[in-house]
Amino acid sequence: MKGLVIFALFLLCFTTNGFAQSDDESAIKKNIAKLFTGMKDGDSTLTRSAFAPAAIMQTIVNKEGKVSIRTESVNSFIKVIGTPHQDKYDERIVFTKILIDGPLASVWTDYKFYLGEKFSHCGVNSFQLVKGDKGWQIVYIIDTRRKEGCNP
């Protein structure tokens, strides 16, 4: 009986810790959400706050079977977000995987992108974040973009 009680307590602790979301995971999700809330609201200040200084943004481009990588400056991206535009930039993400080792996090999110209510494309974002004096911030993001297999 004593062994069963110890096993039950072990199982309870394991499942509680295994399924509880860490404070770091919550903070990481909150920071990434700032990026997409800022995009949707046209709020360049909120969007910029998600990024660390000297962050890098890249997109994998696949045109006619030829794959290349396009780099975009964060400043140019922020300028587009803050410039008045008719349709909202609405990127809807799903957190698929978050890996954390001390001050480094790697995050994978599936997404669907809409211009206003009109579906544009889907893909995956891969984020690298670092935890510093300002908390978790994005230092690198690369994404894929496609129109097929999206289920808008």
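A charge is said to sit over a ring if NZ of Lys or CZ of Arg is within 6 Å of the ring centre and within 35 degrees of the ring normal. The model is a predicted one.

**Exercise 1. Identify the ring over which the charged end of Arg-92 sits, and describe the surroundings of that ring.**

Step 1. The charged end of Arg-92 lies 3.9 Å from the centre of the ring of Tyr-114 and sits over that ring.

Step 2. Tyr-114 also forms an aromatic pair with Phe-119, with 5.5 Å from centre to centre. The planes of Tyr-114 and Phe-119 stand at 75°, and the pair is edge-to-face.

Step 3. Burial is judged by relative accessible area, with under 20% counting as buried. Tyr-114 has 8% and is buried, whereas Phe-119 has 22% and is partly exposed.

**Exercise 2. Determine the strand order of the sheet and state which strands stand at its edges.**

Step 1. The sheet is open and consists of 6 strands in the order 2-1-6-5-4-3, with mixed pairing.

Step 2. Strand 2 (66-72) and strand 3 (89-101) stand at the edges. Each has a single partner strand, so one side of each is without a neighbour in the sheet.

Step 3. On average, neighbouring strands are turned by 20° against each other, direction ignored.

Step 4. Strand 1 and strand 6 pair in the parallel sense over 6 bridges, while strand 5 and strand 6 pair in the antiparallel sense over 8 bridges.

Step 5. Individual residues illustrate these pairings. Phe-51 has Ile-138 in strand 6 as its bridge partner. Asn-125 stands opposite Asp-143 in strand 6, and Gly-132 stands opposite Gly-135 in strand 6. Strand 5 and strand 6 form a hairpin with 2 residues between them.

**Exercise 3. Classify the ring pair of Phe-36 and Phe-127 and locate its members.**

Step 1. The count of aromatic pairs comes to 4. In the pair of Phe-36 and Phe-127, the ring centres are 6.3 Å apart.

Step 2. Planes over 60 degrees apart count as edge-to-face. The planes of Phe-36 and Phe-127 stand at 80°, so this pair is edge-to-face.

Step 3. Phe-36 belongs to helix 2 and Phe-127 to strand 5, and the pair links parts of the chain 91 residues apart. Both Phe-36 and Phe-127 are buried.

**Exercise 4. Characterise the disulfide between Cys-122 and Cys-150.**

Step 1. The model has 1 disulfide. This disulfide joins Cys-122 to Cys-150 with an S to S distance of 2.0 Å.

Step 2. The torsion about the S-S bond of Cys-122 and Cys-150 is about -75°, so the disulfide is left-handed.

Step 3. Cys-122 lies in strand 5 (residues 118-132) and Cys-150 in the segment after strand 6 (135-144), so the pair ties together parts 28 residues apart in sequence.

Step 4. Cys-122 is buried at 3% relative accessible area, and Cys-150 is buried at 7%.

Note on methods. Residues are numbered from 1 along each chain as its sequence is written. This is a predicted model: local features need pLDDT of at least 70, side-chain atom pairs count only at pLDDT 80 or more; totals for chains, interfaces and linings use all residues. Side-chain values use heavy atoms; hydrogens and water are left out. A disulfide is a pair of cysteine sulfur atoms within 2.5 Å. Helices (H or I, at least four residues) and strands (E, at least two) are DSSP runs, numbered from the N terminus. Buried means under 20% relative accessible area, exposed over 50%, partly exposed in between (1.4 Å probe, protein chains only). Two strands pair if DSSP finds at least two bridges between them. Axes are lines fitted to C-alpha atoms, for helices over the stretch in contact, and angles run from 0 to 180 degrees between N-to-C directions. Rings of Phe, Tyr and Trp (its six-membered ring) pair if their centres lie within 6.5 Å; planes under 30 degrees apart count as stacked, over 60 as edge-to-face and the rest as tilted.
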